[in-house]
Amino acid sequence: FLKRILKLNNLKNLYSNDPLFVRFIKKKYKIYKNKINFFDEPVELECLISKNLAKKKLGISSKTFVILVYGAIKSSKSISDLIHFTTSKKINKKIKILICGKQTIEIKNLLKKKLYKNLIKRKKIIINNKFFSLKDESLVFSAADLTWIVYKNSSLGSSGVFYMSIKAKTPLATANDGIPGYLNKKYQLGPIIHLNDHKQSIKKLHELSNYSFMYRMYQKQLSIISKKKF
């Protein structure tokens with residue numbers, strides 16, 4: 001397949017944002033190891049500011065633990081699961097969910113339900129249903145304490161939000177699978193969330209919201225990883 005692609009397109013090199021695919025080709029087909037290269041997602045956050053200032057600009061208390069859901073807001077991002085976890089009686093009450101990005105019809109209808117409308121009214125959930133400029137994008141990533149990248153029933157490929165979170169040095173939560181899960185497990189950038197294990201998921205989020213030892217460890221790892229390429 002790779003040989004045909006190179007021949008048909010008269011290409012000297014191929015680039016992929018899938019580190020596993022690149023590693024597989026280099027190991028399995030050594031003849032092509034110099035023809036395929038990995039590239040990071042082309043993301044930038046040029047206007048990052050201090051976390052406290054970013055929260056203040058968004059009207060959020062500096063004591064609040066902000067979980068950011070960013071990008072195309074759709075059901076595959078496990079938003080209902082996140083809301084369920086953060087409304088548990090066993091979790092820190094200072095957690096807020098910041099949902100930023102254009103919503104699908106399915107998500108719009110979900111957020112119209114009485115439970116969610118009440119949480120929005122109480123500002124436990126903060127909604128920004130719009131397209132974000134580079135400046136606004138940097139603002140919400142500056143304010144975030146944790147980025148939610150727990151995808152389900154979706155592509156297992158790369159995630160721009162994953163790389164944005166790394167640039168912001170913000171710990172991130174991922175599922176166990178896909179490229180985000182693989183990189184998270186390899187570099188320990190945040191918690192691995194198993195959506196079917198509610199008790200453990202709630203426990204992890206609660207501990208992180210208190211800026212636990214694990215949270216500080218994730219921050220340290222991000223400081224290292226943000227300076228290098230994958």
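Trainee: Which residues form the positive surface patch in this predicted model?
Mentor: The model is predicted, so local features need pLDDT of at least 70 and side-chain atom pairs count only at pLDDT 80 or more, while totals for chains, interfaces and linings use all residues. Residues are numbered from 1 along each chain as its sequence is written, and side-chain values use heavy atoms, with hydrogens and water left out. A patch takes residues with over 30% relative accessible area and no salt bridge, like charges being joined within 9 Å. The positive patch is formed by Lys102, Lys108, Lys112 and Lys117.

Trainee: Is Lys108 buried, partly exposed or exposed?
Mentor: Buried means under 20% relative accessible area, exposed over 50%, and partly exposed in between, with a 1.4 Å probe and protein chains only. Lys108 has 32% relative accessibility and therefore counts as partly exposed.

Trainee: How many salt bridges does the structure hold?
Mentor: A salt bridge is a side-chain nitrogen of Lys or Arg within 4 Å of a carboxyl oxygen of Asp or Glu. Among the pairs are Asp81 with Lys152 at 2.8 Å, N to O, and Asp136 with Lys130 at 3.4 Å. The structure holds 3.

Trainee: Which residue forms a salt bridge with Asp145?
Mentor: The closest N and O atoms of this pair are 2.8 Å apart, and the partner of Asp145 is Lys55. The pair links distant parts of the chain, 90 residues apart, with Asp145 in the loop between helix 7 (134-143) and strand 6 (146-149) and, in helix 3 (residues 51-57), Lys55.

Notes:
Patch = residues over 30% accessible without salt bridge, like charges linked within 9 Å, V, L, I, M, F, W, Y side chains within 5 Å. Areas by Shrake-Rupley, 256 points an atom, 1.4 Å probe, with all protein chains shown as cover. Lys, Arg positive; Asp, Glu negative; His and termini not counted. Charge placed at Lys NZ, Arg CZ, Asp CG, Glu CD. Helix = DSSP H or I, 4+ residues; strand = E, 2+ residues; numbered from the N terminus.
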